[in-house]
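Here are a few notes to go with your first look at this one. Have the viewer open and follow along point by point.

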Amino acid sequence: MGMEIDFWTGYIDLSKRRVSPEDIVKCEERYNKSKMVHSIMVHLAEKTKLDIESLYEAIAWPLNKRYGHAIDAFKLSITSVALSKVGPHALTLRRNPEVWNDITFPNEVAKEELKSYIGKRLTPQPTKIRADIEVTCFGYEGIDAVKTALRTAEAHSTEDTQVKVKLVSPPLYVLTCSTLDKNVGITCLGEAIVDVRKSIEGAGGNLTVKMEPKAVTESDDAELQALMEKRERENAEVSGDESMSDSDENIPETI
C-alpha cells in the first residue's frame, strides 16, 4: 500500500503491513503467475532469437486482456476436452486451439516452439493416492470372499482413475490410483473401501483400515516396497511354505 511520495527523491513509501491478507494472497498469486510467464517468454526469445518485448506485445499481453492472465490461457490451450464418446470408455479428445485465434505469432517457428514448451512445462502430473487395509475372512468362503471383496474396489476404476489392489502380505493389501485431481482420487478410494467392507462383512469377514486414503510420495512408495520385501523374506523363512493348501495356491500378487 502506498503511504506517501518523497517530493525531493521521487521515492514511494510503501507498507506491506497495512495490506489486507486477502490482497497479499492475490498479489503473490499474480506475481508467481507473471514470473512463470516471463520464464516462458525468455525461453521463447532465446530459442527464436526474437526480442522479448515484441513477444510480450504479440502473445502475452493480448492473452492477459482476454483471459485475465497469460498463464491461464497457456494452461487452457493444453487442456484436453472430449469431442465424442464411442463405446463405454473410448473418448475422442482434442486441445483448445481457439486460445490462439486472435494471436499473431512473429513466425511459425515461434508458434510451434511455444506450444511445445508449454506442453512440456505446464502439463499437470498425476498424483498417486494410496490406502492400506487389512482384509480377513475365517468363514466358509475364506480367501474367495477376500478376493471377491477386493474386486469390488477395482470396480471403481474410471477412464481417468484406475484403482489397483496389491497384496503386501496377508492380510495387508494396498489400494492405489493415480489422478490429476487429488480430492477425486481420495474420494474414489474411500468409496472403494466402503464397498470392500460391505462385501467382506457380508461373508462374515472383517476389514481394518491401516492408512486412510492420502497422496503419497516416492519416499512412501520406497517404504512400501521395503515392507513388501521384508514380508517376502519372512514368509520364505517360515517352514512349510512349500506345502500350500488348495485355497492358497491361486492367490495372485495383484488381485
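1. Is Tyr56 buried or exposed? Keep in mind that this is a predicted model. Tyr56 comes out buried, because its relative accessible area is 15% and the cut-off for buried is under 20%.

2. Now look at the partner of Tyr56. Tyr56 and Trp61 make an aromatic pair, with ring centres 5.6 Å apart and 35 degrees between the planes, so the pair counts as tilted. Trp61 is partly exposed, at a relative accessible area of 41%, whereas Tyr56 is buried.

3. There are 3 aromatic pairs in the structure. Elsewhere, Phe74, Trp100 and Phe105 come together as one aromatic cluster.

4. Next, helix H7, which covers residues 218-237. With 20 residues at 1.5 Å each, H7 should span 28 Å, and the C-alpha atoms at its ends sit 29 Å apart, which agrees.

5. Which residues of H7 are buried? They are Asp220, Leu224 and Met228. Viewed down the axis of H7, the buried residues stay within an arc of 80 degrees, so they line one face of the helix.

6. What do the buried residues of H7 pack against? Four strands are involved: S5 (127-136), S6 (164-169), S7 (172-179) and S8 (206-215). On the other side of H7, you'll find Glu218, Glu223, Ala236 and Glu237 exposed.

Notes
Residues numbered from 1 in each chain as written. Predicted model: local features only at pLDDT ≥ 70, side-chain atom pairs only at ≥ 80, totals over all residues. Heavy atoms only, no water. Helix = DSSP H or I, 4+ residues; strand = E, 2+ residues; numbered from the N terminus. Expected span 1.5 Å × (residues − 1). Buried < 20%, exposed > 50% of the residue type's maximum accessible area, 1.4 Å probe, protein only. Arc of directions from axis to C-beta. Contact = heavy atoms within 4.5 Å. Phe/Tyr/Trp six-rings, centres within 6.5 Å; stacked < 30°, edge-to-face > 60°.
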